[in-house]
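Trainee: Can we go through this model together? I would like to start with the sheets.

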Amino acid sequence: MREYTDVDAALLHGEILPNAAPAVLRGVAAGWPAVRHARASPEAICDYLLACDNGHPVDALLLPPPEKGRLFYGPGMDGFNFARRRLPLAHVIEQLARYSQFADPPSVAVQSALIEACLPRFGQENRLDGLLGAIEAQQKAAARIWIGNAIVTPAHFDESDNIACVVAGRRRFTLFPPEQVGNLYIGPLDYAPTPAPISMVDFSAPDLQRFPRFARALEAALVADLGPGDAIYIPSLWWHHVQSSAPLSILVNYWWKPAAQPDMQAAHTPMQALTIAMDALRALPPAHRQAWAVLFGHYVFDAGVDPAAHIPAHRHGVLSRVRPP
């Protein structure tokens with residue numbers, strides 16, 4: 001994975017984001033007060049969080065010790081292996097402090113809490129204004145916080161671009177390009193322990209008899225180990241597996257999507273379009289499915305072809321939306 005230091009807005013917007021490839025941004029958040037507190041001690045960063053906490057409850061996931069922090073399905077895939085609670089952040093921090101003394105602790109994870117709702121002071125004092133100011137203003141890339149101990153988020157993708165900044169602890173990111181989907185053994189699209197579908201493979205002990213193609217995915221994997229102050233850029237639709245192992249791990253991330261065109265505000269998301277296409281095409285004979293694949297390629301995916309070029313502009317109709325303006 002490509003690494004950058006001394007990242008400024010010109011480098012981010014002129015090279016890193018246009019490349020649409022994962023990148024490590026070393027030290028990009030090193031000047032944050034939260035990072036300085038985290039480097040001082042776990043107690044210092046916890047005191048800082050408590051001072052910023054406004055009492056707003058957050059979603060917290062609780063996993064028993066045998067799960068080893070891996071967010072996953074329960075037995076028989078009839079549920080999930082964690083309990084979800086709405087708790088004050090102060091209660092979660094108290095749990096983490098107590099569990100840090102255990103040899104084999106339960107796992108706790110605050111997932112994707114909106115910072116402006118629960119830690120407004122934190123949000124004001126720890127920002128990427130110089131880098132993401134325009135994105136935050138145009139695409140509303142609101143900052144979110146993730147707090148926990150030993151947590152493993154299975155490989156999944158987001159429909160948005162993502163910059164994730166490590167505040168405390170260390171995290172290992174393992175990324176795969178979108179075309180590795182067939183080698184990652186993805187679970188149900190509409191039933192997953194995370195908002196997006198996940199890989200069924202346990203990365204800590206992959207069962208290559210059950211999941212033999214996973215060996216090919218590993219050949220394409222990009223791995224990055226991040227510490228306090230480091231960040232990673234994850235393009236939309238890149239699969240990413242995230243593992244934290246410290247007694248206290250904190251991450252702040254920003255998701256954003258390209259600004260939608262005014263006449264597309266009510267359009268389906270790409271994920272919705274995928275599921276609609278699956279429903280519409282699944283019963284067709286193979287030859288018909290292949291023919292539709294050609295049509296989708298021509299009208300949606302073949303960047304070098306304008307299917308409306310030979311039609312007067314006032315008769316483009318829906319074809320006016322198949323290519324960027």
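**Sheets, helices and a pocket**

Mentor: This is a predicted model.

Trainee: How many bridges join E9 to E12?

Mentor: There are 6 bridges between strand E9 (residues 171-176) and strand E12 (residues 239-244), and the two run antiparallel. Phe176 stands opposite Trp239 in E12.

Trainee: And what is the strand order in the sheet of 9 strands?

Mentor: That open sheet runs E1-E2-E11-E8-E13-E6-E5-E3-E4, and its pairing is mixed. Strand E1 (2-5) and strand E4 (83-88) are at the edges with a single partner strand each, so one side of each has no neighbour in the sheet.

Trainee: Do E1 and E2 run parallel or antiparallel?

Mentor: Parallel, with 4 bridges joining E1 to strand E2 (residues 23-26). The bridge partner of Arg2 in E2 is Ala23.

Trainee: Switching to helices. Which strands does H4 lie across?

Mentor: Helix H4 (residues 89-99) lies across E3, E4, E5 and E6, and runs at about 115° to E4.

Trainee: At what angle do H2 and H3 pack?

Mentor: About 145°, with the axes of helix H2 (residues 33-40) and helix H3 (residues 42-52) 5 Å apart. From H2, Pro33, Ala34, His37, Ala38 and Ala40 meet Ala44, Ile45 and Tyr48 of H3. By class, the residues of this contact are 7 nonpolar, 1 polar and no charged.

Trainee: What is the volume of the second largest pocket?

Mentor: About 770 Å³. It is lined by 39 residues, and those closest to its centre are Trp146, His156, Asp158, Pro195 and Trp255. Elements giving two or more residues to the lining include strand E3 (57-63), strand E5 (107-114), strand E6 (143-148) and strand E13 (249-256).

Trainee: How does that lining divide by class?

Mentor: The lining of the second largest pocket has 20 nonpolar, 14 polar and 5 charged residues.

Trainee: Last topic, confidence. What does the chain average in pLDDT?

Mentor: The average is 90, and 93% of the residues score at least 70. Residues 261-266 have a pLDDT below 50, and beyond near neighbours in sequence this stretch has 4 contacts in the model.

Notes. Residues numbered from 1 in each chain as written. Predicted model: local features only at pLDDT ≥ 70, side-chain atom pairs only at ≥ 80, totals over all residues. Heavy atoms only, no water. Pairing = 2+ DSSP bridges. Axes fitted to C-alpha atoms, helices over the stretch in contact; angles between N-to-C directions. Contact = heavy atoms within 4.5 Å. Nonpolar A, V, L, I, M, F, W, Y, C, P; charged D, E, K, R; others polar. 1 Å grid on protein atoms, 1.4 Å probe; cavity = no way out; pocket = protein on both sides within 12 Å on 5 of 7 lines; lining within 4 Å. Points joined across faces, edges and corners; volume = space filled by probe spheres on them. pLDDT = per-residue confidence, 0-100.
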